[in-house]
Amino acid sequence: YDTSSITISYALYLLSTHPQVQDLCAEEAICALGANTDAQDNLLPENFQPEGKLHFIRAVMYESMRLFPAVPQTARNIERPVTINGHKLPKDSRVLVPIWYVHRDPHNFPRPLEFLPQRWAQRRVINGNEDRTSEAWEERPSFDETEDKEAPDYIPPANRDAFCTFSAGARDCPGKKVAIEETVTILAVLLRRLKFTNTPGHVPTPIRAGPVQKPKDGMPLIIQRR
């Protein structure tokens, strides 16, 4: 579970430095889970299923994994000759896939260093107007019909084909679905009751720890009850 705990740590850091985004997450969590503040009561409603819910918190998790993928690279063995951008690779070549740099390439994700959950989620539109209620988020499609793409505040939709936190293809992570639902649910439970603030001046320094990367000095945060 290192990858899940690392992902949640980075998500909380990003939310601590983007308090308006954190407030939107808290609103959605309270709407989905209830405004329960009694620590002795159940953390989740009975028979709660995160799938199809918590779209904005899910977008925060995706954007956190884009910026700070727990596994920063993977590798593949080529089973037959292939040509990529004019480069011929023979059979049995071992190719490294730099997930970290794929996610931070502006050709794949414009404004790559910005934390923008709205790449992945959008407000529902009802009768031509945005639904501003806390549960009114939905998954954002990859194809964007927005006309004013030159506006300075325009956020392009996520390029899901370039998102490879869980690798891709026939050998992608078998625990992908469980990991997503697990981290989204944990984040919702935390944000419903707690507020996270960054320690002044702290910026995480990722370091390699075997196949994963993690923040060098942990993730010191100031935690308060809402």
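Select Gln213 and Tyr10 to begin: their side chains make a polar contact of 2.7 Å. A polar contact here is a pair of N or O atoms within 3.5 Å; within protein, one atom must be able to donate a hydrogen and the other to accept it, and residues adjacent in sequence count only if both atoms are side-chain atoms. This is a predicted model, in which local features need pLDDT of at least 70 and side-chain atom pairs count only at pLDDT 80 or more, while totals for chains, interfaces and linings use all residues. Residues are numbered from 1 along each chain as its sequence is written, and side-chain values use heavy atoms, with hydrogens and water left out.

**Stop 1: around Gln213**

Keep Gln213 selected and colour by secondary structure. Gln213 lies in strand β11, residues 212-215. Helices (H or I, at least four residues) and strands (E, at least two) are DSSP runs, numbered from the N terminus.

Is Gln213 buried or exposed? Gln213 counts as buried because its relative accessibility is 2%. The cut-offs are under 20% relative accessible area for buried, over 50% for exposed and partly exposed in between, with a 1.4 Å probe and protein chains only.

Now show the surroundings. Not counting residues up to four places away in sequence, Gln213 touches Ile6, Tyr10, Phe68, Pro69, Ala70, Pro72, Trp100, Pro206, Ile207 and Arg208. Contact means heavy atoms within 4.5 Å.

**Stop 2**

Select Thr3, which is found in helix α1. Thr3 has a relative accessible area of 36% and is therefore partly exposed. Beyond its neighbours within four places in sequence, Thr3 is in contact with Ala70, Val71 and Val212.

A polar atom of the Thr7 side chain lies 2.8 Å from the backbone oxygen of Thr3. Thr7 has a relative accessible area of 6%, so it is buried. Setting aside neighbours within four places in sequence, Thr7 is in contact with Met61, Met65 and Ala70.

**Stop 3: helix α1 against helix α3**

Select residues 2-16 for α1 and residues 55-67 for α3. Two packed helices are described by the angle between their axes and the distance between the axes. Here the axes come within 9 Å and cross at roughly 105 degrees, which means that α1 is roughly perpendicular to α3. Axes are lines fitted to C-alpha atoms, for helices over the stretch in contact, and angles run from 0 to 180 degrees between N-to-C directions. Angles under 35 degrees count as roughly parallel, over 145 as roughly antiparallel, 65 to 115 as roughly perpendicular and the rest as oblique.

Which residues of α1 and α3 meet? From α1 they are Thr7, Ala11, Leu14 and Leu15, and from α3 they are Val60, Met61, Ser64, Met65 and Leu67. The residues of this contact divide into seven nonpolar, two polar and no charged. Ala, Val, Leu, Ile, Met, Phe, Trp, Tyr, Cys and Pro count as nonpolar, Asp, Glu, Lys and Arg as charged, and the others, Gly among them, as polar.

**Stop 4: the aromatic cluster**

Select Tyr62, Phe109, Trp120 and Phe163, which ring pairs link into a cluster. The structure holds seven aromatic pairs. Rings of Phe, Tyr and Trp (its six-membered ring) pair if their centres lie within 6.5 Å; planes under 30 degrees apart count as stacked, over 60 as edge-to-face and the rest as tilted.

Phe109 and Trp120 form a tilted pair, 6.3 Å centre to centre with 35 degrees between the planes. Both lie in the loop between α4 (99-103) and β5 (121-123), so the pair ties together parts that are eleven residues apart in sequence. Phe109 and Trp120 are both buried.

Move on to Trp120 and Phe163: their ring centres are 5.1 Å apart and their planes are at 70 degrees, so this pair is edge-to-face. Phe163 lies in the loop between β8 (137-139) and α5 (176-193), and the pair therefore ties together parts that are 43 residues apart in sequence. Trp120 and Phe163 are both buried.

**Stop 5: Glu181**

Select Glu181 in helix α5. Its side chain is joined to that of Arg58 by a polar contact of 2.9 Å. Glu181 counts as buried because its relative accessibility is 15%.
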